[in-house]
Amino acid sequence: MANTKEVRKQISSIKSTRKITSALEMVAASKIKKTQDLMFGGRPYSEKVKEVIEHIASSSSEYSHPFYEERKNKSTCYIVVGSDKGLCGGLNINLFKKIVAEAAENQKNDVETSFALIGVKAVTFFGNLGGKVLGQATKLGDKPNPEDLIGLTKIVLDEQKKGNIDRVVLCSNKFVNTMTQQPTLQQLIPLSHGENKESQTSMQWDYIYEPEAKTLLDGLLTRYIESLIFQAVLENNACEQAAKMIAMKNATENAGDLIKELELLYNNVRQAAITQELSEIVGGAAAV
Amino acid sequence: MSEFKVSIVSSNEEIFSGTADMLYATGSLGEIGIAPGHSPLLTGLMPGPVRVCNEDKEETFFCSGGFIEVQPDVVTVLSDVAERADSMDEAKAIAAKEQAEKDLADNKDNVDFAKAASQLAEAAARLKTIQKLRKKI
């Protein structure tokens, strides 16, 4: 039977854990607003770039960019957006599971798989898994800078242009609301031509390019893909804080339940000890 | 058509959205002025001011580079905030790669949380065993 000292020790240790989890919950709750503001702030740019890209797709351009090229899929690169810190429930692992399932499928079909990783958790997970890692970006913080992602994006796009990668997929969590985050895989390359509704009805037209189509489209499409990745990072940040808040809230509640149970146990044990002592005294007195 | 829609966006916010009857910007081949009904144009944007004129009002924004897309009735300015240069991109690419290789070499992770979680799990498991034992008594 447990003694009172042992139970007391456990209570105090769980209490200190609860303090930590409730503090983390509050920190996450205060960060949610900021990360969401950043996420919404980034949306106009990605929407506008998307519009422009759709216009370009519907125009009858003189130059066809390699990003639009549909090749036979021999090698796929996954750009994985994970969080830098843990303690956010199943957020990362749900996403990673989805990717691992796809990677296994790829292996069956003789498709090579490589990764470009964003976030410490993604790096740790896929590093242990032992995939081919093209590049990584970590510790972007709560206020990520687009510059930090340029290097990573460039590696992937260069490999694609060289023909070493045929398909690029962006994997990240989509923010639905504070309670729900949706792990999503989005194909970046080849870019879809979109539904050419406009071009069917209207005349064929093309842009005036200044200076020339190749350089401009190259720059613009690169920027488009960068903006998608950056937006995914912002969105993932908002998801991380929301998931963290929920996870820490649950942990705090569980710790509270645990403490209640332990306190009950503590009282029972203490009472049992007193009863035993009393009966011993009574027994002793009777013997005398 | 005497006016057109203008939106100026940078990667972290919408800078301007509204209508204008004239827009001036520094394109990669020189200063351009866009009037309503301009034919479709796609060009790079050099660091410099973008002036949006509406009737007698005029607003000026500074863009450090980017792209400008012109449709007859819509003008979209995609502005960069980050300073960009190909040489800088290259250096960053190398840095990202090196970091990946370095991390593969020494595999370490923040273990603080894992420790706390395992402690909590352990405490819960111990409590359960205690409860089971108590029932037997």
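Q: Which residues is Leu216(A) in contact with, leaving aside its neighbours within four places in sequence?
A: In this predicted model, Leu216(A) is in contact with Tyr209(A) and, from chain B, with Leu42(B), Thr43(B) and Gly44(B), once neighbours within four places in sequence are left aside. Leu216(A) itself is found in helix α6 of chain A, which covers residues 213-287.

Q: Why does Leu216(A) count as buried?
A: The label requires 20 or more other C-beta atoms within 10 Å, and Leu216(A) has 20 C-beta neighbours inside 10 Å, so it counts as buried.

Q: Why does Asn164(A) count as partly exposed?
A: Partly exposed lies between the limit of 12 or fewer for exposed and that of 20 or more for buried; Asn164(A) has 15 C-beta neighbours inside 10 Å and therefore counts as partly exposed. Asn164(A) lies in the loop between α4 (147-162) and β4 (167-175) of chain A, where, apart from neighbours within four places in sequence, it is in contact with Ser75(A) and Glu159(A).

Q: Which residues have the most contacts inside the largest nonpolar core?
A: This core has 89 residues, and those with the most contacts inside it include Val156(A), Ile79(A) and Val77(B). The most is given to this core by α6(A), with 23 residues. Not counting residues up to four places away in sequence, Val156(A) touches, among others, Cys77(A), Ile79(A) and Ala116(A).

Conventions:
Residues are numbered from 1 along each chain as its sequence is written. Chains are lettered from A and ligands numbered from 1 in the order in which they are written. This is a predicted model: local features need pLDDT of at least 70, side-chain atom pairs count only at pLDDT 80 or more; totals for chains, interfaces and linings use all residues. Helices (H or I, at least four residues) and strands (E, at least two) are DSSP runs, numbered from the N terminus. Two residues are in contact if their C-beta atoms, placed from the backbone, lie within 7 Å. A nonpolar core is a set of buried Ala, Val, Leu, Ile, Met, Phe, Trp, Tyr and Cys residues joined through C-beta atoms within 7 Å.
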